[in-house]
Amino acid sequence: MFALRNTVSNIFQKRAFSASASQATKVAVLGAAGGIGQPLSLLLKLNNKVSDLALYDIRGAPGVAADISHINTDSKVAGYNPTPEGIRDALTGAEIVVIPAGVPRKPGMTRDDLFNTNASIVRDLAKACAEHCPEAKLLIISNPVNSTVPIVSEVFKAAGKYDPKKLFGVTTLDIVRASRFISQVKSTDPAAEVVPVVGGHSGVTIVPILSQTSHPDISGEARDALVNRIQFGGDEVVKAKDGAGSATLSMAFAGARFADSLLKAAEGQEVVECTFVESPLYAKEGVDFFASKVTLGKEGVKEIHPVGQINEYETELLKACLNDLKKNIQKGRDFVKSN
Ligand SMILES: NC(=O)C1=CN([C@@H]2O[C@H](COP(=O)(O)OP(=O)(O)OC[C@H]3O[C@@H](n4cnc5c(N)ncnc54)[C@H](O)[C@@H]3O)[C@@H](O)[C@H]2O)C=CC1
Ligand SMILES: O=C([O-])CC(=O)C(=O)O
């Protein structure tokens, strides 16, 4: 994140009207005119590792692209309409595709309640990616992430194009929230707090590992409240927005951070992020997608790190997580097989 923040602040400090991209990297955003898509596209326009920004949506992408294209950073921006040619041109040559397309929650809904609408949206976009940019790294934001990521993997497998190193469920918002919330408990600098969050991205599948932070002393009710806030942080925003959707701005920030980490990794830096990937860690328990710390490399996933030592309380959280995650993953798989 520091680099993204530096990138942003450099842009303003130096008034870098001609910030030059260090290498040509095309990034496509599918769902670019939405609540997440717009600020995410804005942040990607501020990232000088991006040379081409392709914005696609079923409505409004050319307008968002025209607007963002006036920002004085040295990358090209193009908006694409929902036609076969539009999606083909948006995706061709993309190295990274970020997908925040789909409907968000309203109060009273779980992320799984979005499945019926978002599963087919993600499946169809994944088919287009498999056809037009099979080598791209895919960053899935659309919920329910625990199921949409397995959907993408099944689509790619069916197309004979699947590379598990290149498929990521974006769980960075859980990491961002965890560091923010722990800093509020401890009155510290949130940017300096590192909280691994493993499992998945929904309710009890979100497992913060507080024992591995610099505050393993948080216990009892304070710990329960903090863990609950991290697990249900999304609900806090859904409730506050009162029917107008879910987290968009903090998600855009988190998505831009994750994309930046992959861009840095593509340039040869080693970056570690927690992300939901095909993982051997709990495959024996029938859970073959799992978020844990992952070292990112040029090709995407370089190394999946085990969860490491956890305490009894976290062992119980993990049990509940695996139980739900298994069902969420299977639901995604079954959808592609029967649709
Ligand atoms: N992974 C995470 O941590 C988070 C995930 N989300 C999820 O992100 C998704 C998007 O949320 P918002 O941006 O708030 O929703 P939104 O409704 O504001 O925007 C979604 C956009 O997707 C577009 N869209 C719909 N179908 C499409 C298709 N077939 N192709 C291309 N674009 C399409 C819509 O036109 C709209 O512009 C939701 O599913 C939400 O639950 C939200 C916050 C955090
Ligand atoms: O809560 C939601 O529906 C959106 C989301 O995934 C989050 O904010 O973590």
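The shell around ligand 1 is made up of 17 nonpolar, 12 polar and three charged residues, where Ala, Val, Leu, Ile, Met, Phe, Trp, Tyr, Cys and Pro count as nonpolar, Asp, Glu, Lys and Arg as charged, and the others, Gly among them, as polar. The model is a predicted one, in which local features need pLDDT of at least 70 and side-chain atom pairs count only at pLDDT 80 or more, while totals for chains, interfaces and linings use all residues. Residues are numbered from 1 along each chain as its sequence is written, and chains are lettered from A and ligands numbered from 1 in the order in which they are written. Of the 32 residues around ligand 1, the ones that come nearest are Gly31, Gly34, Gly35, Ile36 and Asn143; a residue is near a molecule or strand if its C-beta atom, placed from the backbone, lies within 6 Å of it. Helix 5 (residues 115-132) gives the most to this shell, with three residues. Helices (H or I, at least four residues) and strands (E, at least two) are DSSP runs, numbered from the N terminus. Domain 1 (3-169) and domain 2 (172-338) each supply at least three residues to the shell around ligand 1; the domain bounds come from an automatic or database domain assignment.

Ligand 2 is surrounded by Pro104, Arg105, Arg111, Asn143, Leu173, Gly234, Val237, Val238, Ser246 and Ala247. By class, five of these residues are nonpolar, three polar and two charged. Helix 9 (residues 233-241) provides the largest share of the shell, three residues. Ligand 2 lies between domain 1 and domain 2, because both give residues to its shell.

Proline 144 lies in the loop between strand 5 and helix 6.

The protein chain is divided into domain 1 (3-169) and domain 2 (172-338), and the C-alpha centres of the two domains lie 20 Å apart. The contact between them takes 45 residues from domain 1 and 43 residues from domain 2; two residues are in contact if their C-beta atoms, placed from the backbone, lie within 7 Å. On the side of domain 1 that touches domain 2, two or more residues come from each of helix 1, helix 2, strand 4, helix 5, strand 5 (137-140), helix 6 (145-158) and strand 6. Helix 6 contributes the largest share of this side, 10 residues. By class, the residues of this side are 26 nonpolar, 10 polar and nine charged.

UniProt records, in an unreviewed entry, "domain: Lactate/malate dehydrogenase N-terminal" for residues 25-169; its positions are given in the numbering used here, feature names are shortened, and annotations may be inferred rather than shown by experiment. Over residues 25-169 the chain is 40% helix and 18% strand, with the end C-alpha atoms 21 Å apart. The unreviewed UniProt entry also lists "domain: Lactate/malate dehydrogenase C-terminal" for residues 171-335. Over residues 171-335 the chain is 47% helix and 21% strand, and the end C-alpha atoms are 22 Å apart.

Helix 2 (residues 37-45) is mostly covered, with seven of its nine residues buried. A residue is buried if 20 or more other C-beta atoms lie within 10 Å of its own, exposed if 12 or fewer, and partly exposed in between, with C-beta atoms placed from the backbone. The buried residues of helix 2 are Gly37, Gln38, Leu40, Ser41, Leu43, Leu44 and Lys45. They pack against strand 1 (26-30), strand 2 (52-56), helix 3 (61-69), strand 3 (76-80), strand 4 (96-99) and helix 10 (249-266).

Alanine 256 lies in helix 10 and is buried, because 26 other C-beta atoms lie within 10 Å. Aspartate 242, in the loop between helix 9 and helix 10, is exposed, because it has 9 other C-beta atoms within 10 Å. Its phi is near 55 degrees, a positive value in a residue other than glycine.

The protein chain averages a pLDDT of 94, and 93% of the residues score at least 70; pLDDT is the predictor's confidence in each residue, from 0 to 100. For the complex, the predictor gives an ipTM of 0.99 and a pTM of 0.95.
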